[in-house]
Every structure is written in structure tokens, then in C-alpha cells.
Amino acid sequence: MAWVLKMDDATIESGLVHDFDASLSGIGQELGAGAYSMSDVLALPIFKQEDSSLPPENETKNPPFQYVLCAATSPAVKLHDETLTYLNQGQSYEVRMLDNRKPGELPELNNKMVKSIVRVVFHDRRLQYTEHQQLEGWKWNRPGDRLLDIDIPMSVGIVEPKTHPSQLNAAEFLWDMNKRTSVFVQVHCISTEFTPRKHGGEKGVPFRIQIDTFAQGDSGEYAEHLHSASCQIKVFKPKGADRKQKTDREKMEKRTAQEKEKYQPSYDTTILSEVSVPWFDVKDHFGVLHKSGRTCMCLCPLQQLSPTASIQDTQKWLLKNRFSSYTRLFSNFSGSDLLKLTRDDLVQICGPADGIRLFNALKSRSVRPRLTVYVCQESPQQMSCECTELNACFCAVYHALYLEELTAAELIRKMACVCSLPLGKINQVYRQGPTGIHILLSDQMVYNLTDESCFLISTVKGELRTWYFGTHQS
């Protein structure tokens, strides 16, 4: 026999409400008077920051260009870190040049050519400061080779591709935005060629591929900067990039599902991230001195973030210093706001690697070389010049040599770059000591040199060259 209980809808509704209220009546009593309410939690700075960092959709601004490198990104990169792409030495990789303008945006570029310069440059700031010396050393070790080339037969839509003998790491070309354009690039340097010591097993240094695009000005020169973007790469010997990608993928497969959530997925292509200025913008990094019709370039310090910087200036500073992945997070931060963050704050927000790098950039803590020496190649004009404080700049121009290994071979190699001499043409190098004696250069002598010492270099020509360098007497 079945029993059926009939109740009207009003009775059921009132009973449910009463039971629900009773079930909630004890919740929160055990927490005491000091318990947080939801409004208190939402008022915490981390929630305010996250909420304010998300701009409305209508404020999102797409760049006018987009460059896509057709190579897969590494799966072993954490969520908030910049992507990393592995390339094989000498292999041709397609870079798609895309016109990303909205209707009516930059109409002056319609039916006109633009010029793009593609470069391979150092990612690490320490190597950027010594880029000239690093590239000159590479040049002497591999005469006739280039760091970067364009594979012209495979490229599509590019016009007038050019390379300059003095710029081994760059190439340029014109292209029409209305036509399909792809440039195929080859990187010939490998990441381990620039490690301080080569005993095997060293981690190679990362590079960047950067593309700067310019419009033609009234003078006919392509000098009007339109857009720049770059991505981080590492270059391996042939087939080494494929092995590294496979190793990273296998390591990720062994991780738990919870650990995998902390890492980015691997993408088939690499999108270059927008940066605010072209590489080594002369207006930002150099000052020009004019005297008696002569011009010399004097290096000025890199710009620091000012406490009075506006939100817009702070965003530009972040982009310029390779923190593009954090511009959204710090979208409402002024210079003062960013400078108030402690090292621990930045590590917690950005992770250990980028947090420490951002802290050092804000405090202008660059990695110094182990030894810096200044050398000047002596010439008859300099020997006859009466140097004073006013004309010293034009009497003797010194070159800065930054040493990491503190060996005689490293010093000789860098002095050879300064004097444009092949290493094979150098016989011996001496230092002029007390009473004019000649002391053979050795590793121990280099190790004991005083930091930021100044030296004059003179050469004796014969079958081979013998160098003498002595402390400059001011």
C-alpha cells in the first residue's frame, strides 16, 4: 500500500525557507568577532590591483603590425614569463609580416612601401652593454660569416633586401602591406658561443629577434618609426632545437596536472611582442658633441624610471626594458607607485626571475664585468697633441674593454678587435714597466690589473706585430 502526502505549494515553500534559514544560523559563530567579511576580502590590495589591471574591451589597442615567427614555443615556460623559442643554426624560418591596421587607421600608408629591419640581438642586459666587443670577437673567430641572413629565394613579397658589412646581425628590406609578405631568416650564431667559459655543458645565452618598421618621410628616407616587436630565442647547432623541444615536452608530460597549470602551453608559432622603441634608438642613448667642425659620440646613461613618471611613461618604461608581459598588471601604476614596491613584493607579483630583474632595473643595478680597462691606440697625431681639459676628448679616444675571464688571451683578443688586427698577426704583448722595462703579458698580470685603468697601445711592425701597452700618465 502506498501513501501519498498532499501539500499545497505555499506550505512547501514556507517549509523550505524555514529549513534553509535554520541551516545557516550557526555558520560564522565559531569564527568570533574578528572574522573577515566578503567585503573585507574584496577590499584587499591584490583584488583591487587585479581588477584595475583589466581595461575595458573598447580600450584595447591592437598594434598596426604583427610579426609571426613560424617556430613552436617551448612548453617549459611559466605562465607569466616571456615565451622562449628554440631555433636551429642556419635553418630558414618564416616570419610573416601582417598588416593589422583597423579600417581608417594610418591611411597615409595605403599603397606605400615600408621598410623593416630584422636583427638578432642579446637578451641579457650585461651582454647588451658590451655588444660591440662581443660581435667583434665573434667576427674574428668566424671571418666572413654573418650572424643573420635573409633567405631571399624562399622569401615572398620583400623588395630590395640589403645587408651591411658593418652590421653582421641585421638585414633590411621593403614590403607592401597590401600584399602577402613573408621573410625567411637564418641565424648563424649559437647561444653557447657567448658563454664566458666553454668546458662543455654550459647553458647558452638567450637572443632576441627584433623587427623595427619605418615609413618614408618627406626627405625620402625611411626614418619615421612605426612599430617594433621582438621575441626571445635560443639557437642550437643543427637539429639541437628539435631535441631540446622534445626534451622539454617529455619533462612536462611527467609533471602532475597541478604542476602543468603553472606553465604555458606550447604554441605552433611565436608572436613577437610589441616594444616601444627601435633597437638602440640613437636619440635616447647618445649625445653628440660638436667642436671645430668635428663630431664625436659620447655614450650617456640609460634612462631611469623617475618617481614623477606618469602612468603612460611608466608603461613605456616597462616596454622599453622588456617587461611587456607586465604592462597590463601595472596598467594603473605611476613611477612613484612602482618604485615603492620592495624586492619581496616584486618577486611575489612577477616570480623570482622577473621580480629580481625588475627590482634591479628600478634600482639601476646592472651586472658589472669583472674588470674594465680603457685602451687607446697611440698615433703620431696624438703624440704631438697638447692635451688639455678642453681638447682631451679629441686628442685621445679610449675604448672600453670589459673582461670576464681575466686572462691574457681574452685581453689580447679584445685589443685586436679595437685595433682591427687578426690574432694571427700578433706575436707578443708586453707591458711597459718601471724604468721602461718590457714585461710579458700573462694571466696573473691581467688578474692583478686595477679596475678602470687607462693604457696606451703602440705596435712594432715586422713579420708579426709586437704590442706594448703602458699606463697612461695624465
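User: Is Ser-191 buried or exposed?

Analyst: This is a predicted model, in which local features need pLDDT of at least 70 and side-chain atom pairs count only at pLDDT 80 or more, while totals for chains, interfaces and linings use all residues. Residues are numbered from 1 along each chain as its sequence is written, and side-chain values use heavy atoms, with hydrogens and water left out. Buried means under 20% relative accessible area, exposed over 50%, and partly exposed in between, with a 1.4 Å probe and protein chains only. Ser-191 has a relative accessible area of 3%, so the residue is buried.

User: Which residue has its backbone nitrogen 2.9 Å from a polar atom of the side chain of Ser-191?

Analyst: Ser-191 sits in the loop between strand 8 (181–187) and strand 9 (207–216), where helices (H or I, at least four residues) and strands (E, at least two) are DSSP runs numbered from the N terminus. Leaving aside residues up to four places away in sequence, Ser-191 touches Gly-204, Val-205, Phe-207, Lys-234 and Val-235, a contact being heavy atoms within 4.5 Å. The backbone nitrogen at 2.9 Å from the side-chain polar atom belongs to Val-235.

User: How is helix 5 oriented relative to helix 15?

Analyst: Two packed helices are described by the angle between their axes and the distance between the axes. Helix 5 (residues 131–141) and helix 15 (residues 408–419) pack with their axes 9 Å apart, at an angle of about 95°; axes are lines fitted to C-alpha atoms, for helices over the stretch in contact, and angles run from 0 to 180 degrees between N-to-C directions. Angles under 35 degrees count as roughly parallel, over 145 as roughly antiparallel, 65 to 115 as roughly perpendicular and the rest as oblique. Helix 5 is therefore, relative to helix 15, roughly perpendicular.

User: What is the phi of Lys-239, in the loop between strand 10 and helix 6?

Analyst: Most residues other than glycine have a negative phi. Lys-239, in the loop between strand 10 (222–236) and helix 6 (240–253), is exposed, with a relative accessible area of 61%. Although Lys-239 is not a glycine, its phi is positive, at about 70°.

Terms used. Polar contact = N/O pair within 3.5 Å; in protein donor to acceptor, adjacent residues only side chain to side chain.
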